Amino acid sequence: MPLGRLVPLKMLKNVYRGLQNARLARQVGPVRRVDRVAPVPGRRLVALTFDDGPSAAPLRPSLRAGGTVSGTIMDLMKRFGARGTFNVIGTTRFNYPDRPGRLGGVFWSGIRFDHYPEYGRDDWAGVLAQPALARRLVDEGHELSNHGFTHLAFGPSLYGNGSRAYLPGLDAVIADLRTQHELVRETTGFAMRLARPPHYIERTADGRSAYDAYRVLGYTYLGASFDGGGWQASSGDYEADVEMMVRPLAAALAADPEVLNGGILFEKDGYNMSAQSPVADGLKRHLEILRDYGYEVLTASELLALSPFSDIGPAHPIFPQAKALLEAGHLVTFADNHVRPDSRLTQADLEALCVRGASCGALSLATDRGFATPPVLGAAGLLLRFAGSPTGRNLAVAGSATELSARGLAAVCLDYLGSVVLPEDEAARRRALLTGLAARFSGGWALPATRAEVIAMIAATLLGV
Ligand SMILES: [Zn+2]
């Protein structure tokens, strides 16, 4: 019997998520998971995200009535002047349900496979079968994000249904994501930059993770901060299902109107696990409530362009420098998308801040553990330099880890300076700044500065911001 049937699934998930968050808060790397961002002063912004579409399935399949899922969602979004991010799949063919969905059931209908969309109806959902729906999403200003071609889990589930089918390892995950990326690009012309793993399962069967795969494809990991609830098991009563979807959002906003500001809302663009979707009627109520509280509904990328970090918003003093470094490809945040400007800088942070993520895309594949805890990350930093800079390669061979901190910083920054054309006086000014910066960091693993101080110095040195 799956563990999830003995211990409440939600409790297991919360414990697991807590452990995961603690790990992400220590991890830096080119991929960050965004669950929410810091509010923009004077505005109430929320991103809406929809998983598992596009779907031409009838909204209420038990009644064979009510329009299609994606079509109805798009009509509603247009009516409310809202845009969303749609985490689309390629095909339901590999997620064929092996047990029919039923109303009033507690567990997913599928045992090994999933539940999209229903028996014998692979023509209903996914970009492959529904290219016109995918194009309409893009035409109407929505954003597409990679939810996998097959929607097979990246690895075994750590909780709940342990018999669910999954991809065999990282290479298969990358191949699956690439197939979907190309399909979406060829179908719609849209180049996806965000991704969300099916069922949020991150670990691959061979001990790697969604972060390794997303790094290769250059994706940001799109999380969520509030569950819109449309995926839950049906009670069998349609109106009650809609109510179940609406009540938590209404209650949360009644308790705190700011609770969703900067948040990412999870919605569903497909069936719930009982082959009946309350999502269109539930979404209409969600949009009405959000409007009543003065929220603007945006795509995730629109939200991130206004406020990219989870802990510091546009009013924070270090925001312009941190944003400029992020946009230049530097690893400004931890994997949980926090900058932590007041925390003490470690050697690993320093190495990460100085490196442009784009230049180390394939690197983690060459290391066993990728970017992990700070000591391991020190080693990853060395490897980054191996990959990115001939000077760094020499330093990594010649210097101890401690020496590398100051000297490596100077080397990486000077490499960067060497790659841009600057007027001589400007180059001299930045070199002087750089020398001063390097001189400050001759200590060991814990360096005597806050991350904010160093971000300001690096942005000034490298970008002139
Ligand atoms: Zn999904």
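User: What should I know before reading any values?

Analyst: This is a predicted model: local features need pLDDT of at least 70, side-chain atom pairs count only at pLDDT 80 or more, and totals for chains, interfaces and linings use all residues. Residues are numbered from 1 along each chain as its sequence is written.

User: How many helices and strands are there in the protein?

Analyst: The protein has 15 helices and 13 strands. Both are DSSP runs, numbered from the N terminus: helices are H or I with at least four residues, strands are E with at least two.

User: And what share of the residues is buried?

Analyst: Of the 465 residues, 49% are buried. Buried means 20 or more other C-beta atoms within 10 Å of the residue's own; exposed means 12 or fewer, partly exposed is in between, and C-beta atoms are placed from the backbone.

User: Now the core. Which residues have the most contacts inside the largest one?

Analyst: Tyr221 and Ile455, in a nonpolar core of 86 residues. Such a core is a set of buried Ala, Val, Leu, Ile, Met, Phe, Trp, Tyr and Cys residues joined through C-beta atoms within 7 Å.

User: Where does that core lie?

Analyst: Domain 1 (31-303) and domain 2 (317-463) both contribute residues, so the core lies between them. The domain bounds come from an automatic or database domain assignment.

User: What does Ile455 touch?

Analyst: Ile318, Gln321, Ala322, Leu325, Val332, Pro341 and Leu353, leaving out residues up to four places away in sequence. Gln321, Ala322 and Leu325 are among the buried residues of helix H9 (residues 319-327). Helix H15 (451-463) is part of what covers the buried residues of H9.

User: What comes after H9?

Analyst: Gly329, with a positive phi near 95 degrees.

User: Switching to helix pairs. How do H3 and H4 pack?

Analyst: H3 (residues 131-139) and H4 (residues 170-188) pack at about 75 degrees, axes 9 Å apart. Axes are lines fitted to C-alpha atoms, for helices over the stretch in contact, and angles run from 0 to 180 degrees between N-to-C directions. The two helices are therefore roughly perpendicular (65 to 115 degrees; under 35 is roughly parallel, over 145 roughly antiparallel, the rest oblique).

User: Which residues meet there?

Analyst: Pro131, Ala134, Arg135 and Val138 in H3 meet Val184, Thr187 and Thr188 in H4.

User: What else packs on H4?

Analyst: Helix H5 (residues 210-217) does. Its buried residues pack against H4, strand E7 (194-195) and strand E8 (220-222). Six of the eight residues of H5 are buried, so the helix is largely enclosed by the rest of the structure.

User: Last one: where is Thr68?

Analyst: In strand E4 (residues 65-68). Thr68 is buried, with 21 other C-beta atoms within 10 Å. Beyond four places in sequence, Thr68 contacts Ser55, Ala56, Ala57, Pro58 and Leu59.

Definitions and conventions:
Contact = placed C-beta atoms within 7 Å.
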